[in-house]
Amino acid sequence: QAAYDKVRKAKKQAAERTQKLDEKRKKVKLDLEAREREAQTHESEEEEIKITRSLEQEIIRLREEGSRQLEEQQRLIREQIRLEREQHIQGKEARNGAESKITPKLKLKWKCGKEDETRGGYSKEVLLRILQKYGDVLNLLISSRKTGSAVVEFATVKAAEMAVKNEVGLINNPLKISWLEGQPRNNPSTVLSDSTGQPRTSQASVVSERDYESLVMMRMRQAAERQQLIEQLKREDEEESHT
């Protein structure tokens, strides 16, 4: 009996040792698994941090690149605007240069019969006397084919403008004056005719206050010169009738 109890006790002790060993192994295993999970978690966190940093760096890079691209686009736009402005200025200077080479020319028309030797009262001397009040006349060409027609070339645009705006010619045979070449773009003036056939200027050619006084004096001189011319023509007609 004693031997049997001893064997049972030994088995029991062996079982207890095995159980303790199993518990110890289980604990070690659990510790290892916990450490592995902790290591994996740490690695995951580090990987996430790396990804986040990479994303932040990429965002910063894209922002910097976008900023550089924006600056480059702005620079190109400014350069384009500068070039267009220079081309516009050069084109304007070229146009002004071309326009400055063109002398102002006006077309003159008046009533004149084909057989009228007096040309309706407008000889070259009479036309020059009328037109030279406004400035230097470079050329005056009276048409030999078309009666009652002539072309005058002034030295300055100002003289041509004043002639278009103010000159009406002889009272008994008015002049119609219009632009032929060299008309300024900014100050267009158009000659119209009223119900009596007398030329008049449009509202676009209103004389400024600064020129008003000189214009009044000029018209007074014109009236006196016309009267003298009419009297001279009458005297010439009377002399021809006596002869």
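Analyst: The best-scored strand

Strand β1 has the highest mean pLDDT among the elements of the protein, 94, while strand β5 (residues 191-193) has the lowest, 42. pLDDT is the predictor's confidence in each residue, from 0 to 100. Elements are DSSP runs numbered from the N terminus: helices (H or I) of at least four residues and strands (E) of at least two. The model is predicted, with local features needing pLDDT of at least 70 and side-chain atom pairs 80 or more, while totals for chains, interfaces and linings use all residues. Residues are numbered from 1 along each chain as its sequence is written, and side-chain values use heavy atoms, leaving out hydrogens and water.

β1 has two antiparallel partners (strands pair if DSSP finds at least two bridges between them). Five bridges join β1 to β3, residues 149-154, and five join β1 to β4, residues 176-181. L108 takes part in both pairings: its bridge partner in β3 is A150, and its partner in β4 is I177.

Beyond its neighbours within four places in sequence, L106 is in contact with residues including A150, V152, F154, I177 and L180. A160, A163 and V164 are also among the contacts of L106.

The core has 24 residues, and L106, L108, W110, Y122, L127, V152 and F154 touch the most other members. Two or more residues come from each of β1, α2, β2 (137-142), β3, α3 (157-166) and β4. Helix α3 gives the largest share, five residues.

W110 and Y122 are both buried, meaning under 20% relative accessible area, against over 50% for exposed and in between for partly exposed. R119, in the loop between β1 and α2, is partly exposed, with a relative accessible area of 40%. R119 has a positive phi of about 55° and is not a glycine. Most residues other than glycine have a negative phi.

The caution concerns another stretch. The mean pLDDT of the protein is 77, and 72% of residues reach 70 or more. Over residues 188-210 pLDDT stays under 50, although the model has 36 contacts beyond four places in sequence for this stretch. Where pLDDT is low, the predicted coordinates should not be read in detail.

Conventions
Buried means under 20% relative accessible area, exposed over 50%, partly exposed in between (1.4 Å probe, protein chains only). A nonpolar core is a set of buried Ala, Val, Leu, Ile, Met, Phe, Trp, Tyr and Cys residues joined through side-chain atoms within 4.5 Å. Contact means heavy atoms within 4.5 Å.
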